[in-house]
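User: I have a new model to look through. Can you walk me through it?

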Amino acid sequence: MDSGRMAEVKRRGTGEMAPTLTDSHTSSNGGPQRASGLRQPKSAFRFIVTLLTLLAICVAAFWSISVPRYESAGPAKDGTLDLREADFASNAYALEGKWEFYYEKLYTPGDFAAGEPEGKALITVPASWDEEGYPASGYATYRLTVLTDEPALMLRVPEIIDASIVWIDGRKVFAAGKVGKTQQGMETSVRNDFVEFAPTGGKAEIVVQVSSFMATGYGIMYGMEIGRPGILMKDAMLRRILLTFALGMVFMMGLYHLMLFFSRRREPVYLIFAVNCMLVVARLLMETNSLVQYFAPDGLDDPLSRIYLAIFGWESAALVLFTLAVFGIRFSKGKRGALIIAILSASVLPASILPFFLPIAAGMLWYLYFCFISFAIVIVLAVRSPAFRTGPNMKLFVIAMAVFIVWPVLTKIILLDIYYVPGIVSNIFLVLSQCVILSESYTEARRKAEELTSRTAFYHGMAHDLLTPLTRVSTNVQMANMRPEEAGGLLVSSQEDIMKMAGMINEALSNEYEGAVQNIKEIAASSPPQDDPQGEPRDAEADDTHNAKGANPPKAGDAP
């Protein structure tokens, strides 16, 4: 056999291969694979670089899409906001501060023109009115007077849950749903809009009626913005373009993996990831209700609101299945495995099904928190799996899952009135961490294909090299039968050919043996020390290396 082919065999046998998913994560049965101790610093460096890269992408998306661009001209006081000194040529301004507030009153601009209505109070906008001590479910009227010398302005009306009407200087400019004094007497619709108006007499009166009976936040929770039409629309279109681009990338990732699944049906993780991507796109299209209006001009009505709630449950189920698949988690057939499966089912199914059968009330959103139970269970199972201990990118995915759980709570409770589509951060982070894991699986599949091709070529060449002396031996045997007087020389030649073949086989087996020993050393180096019966920690690498050194490599002709 030529030296080049044997060198290639030796290189393959000693494990000189590119790092792969199974090198540092799990095999098909969930067990640990090779993870060389020498590669740990490099793996830690790659993990840090990957984490920082994903965080940079998420921060950039958050800053460009979610962070508001408006300026503050000072809070409104006693229901009046003075913007006469504002620079509308370059900025938009938030209508924040103390608005007039009339709880359980539905006043129109005509009521204010007739005199001062009863029930006047002051409330902070943007905020939920239950934060200032008012009952959660109910209806109310807001009023703000803006002082400005601008001849033409635009108002951005945000999502006001659950139904609202807006007047500017007595003119009705916006309506979403039907405002009513009871839950039965109202119709929900959530949408936003931009309305142009011309202040009269150096001021503009803004009156807002709100009915909130079916949400977790009540009243004007998102900030209103005012500015010149060109300034407001430029900022809004930039946000929507960036959001569309981000969601388009997620959609294309999902479509690509869906095609991978159809071409390799034995890989269900591709289908799970594709479904998760589609659900992320659908949910973020509805969040902060910006892009969905291009398809549903009336905004999120009752059916779409139910779908929005259910999508979160479906996305949770996809994430649970993805986690179980990539971490190689298998449930036992005993009571413990059955209990875990039952808890996961009981936590995911309510959020996925109940929105279609129960009224959308404030308590309905609590069903979404059932999903967090399933997240907590799979995170614990993932952390306890061998893949978490040996795979740095698996740790990245667990971090992304933790962010996915904490971020909605943070944005929906603390930062609800500030940011636009805040869910883009946690969802993009999670999708990208899933892509990192799947990209390693692609690398592993390619490595295995290259290894199989190389070994096939090697054995084909080895068979060819063995065939030549075998042919000579066969020829010598035939000639010995035909010419007995020359049998001695022919036997000597045949013996040399046989010894040459034995040498080839022994060299190939020796190289394969050296590769196996190297794999044992690497597995031992990556495994945690085990305690002996006396409680002293044992060095698995030393034990395995000693056992490997104590054995002799197999030779041609040895019994299996």
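User: In which sense do strand 2 and strand 11 pair, and over how many bridges?
Analyst: Strand 2 pairs with strand 11 (residues 225–227) in the antiparallel sense, over two bridges. Pairing takes at least two DSSP bridges between two strands. Strands here are DSSP runs (E, at least two residues), helices are H or I runs of at least four, both numbered from the N terminus. The model is predicted: local features need pLDDT of at least 70, side-chain atom pairs 80 or more, while totals for chains, interfaces and linings use all residues. Residues are numbered from 1 along each chain as its sequence is written, and side-chain values use heavy atoms, without hydrogens or water.

User: Which residue is opposite Ala-94?
Analyst: Glu-225, in strand 11.

User: What order do the strands of that open sheet take?
Analyst: The order is 2-11-6-9, four strands with antiparallel pairing. Strand 2 (93–94) and strand 9 (193–197) are the edges, each pairing on one side only.

User: Is Cys-277 buried or exposed?
Analyst: Buried, at 0% relative accessible area. Buried means under 20%, exposed over 50%, partly exposed in between (1.4 Å probe, protein chains only).

User: And where is Asp-78?
Analyst: Asp-78 sits in the loop between helix 3 (40–66) and strand 1 (80–82). Its phi is positive, near 55 degrees. Asp-78 is exposed, at 54% relative accessibility.

User: Which peptide bond is cis, with omega near 5 degrees?
Analyst: The one from Val-125 to Pro-126. Most peptide bonds are trans.
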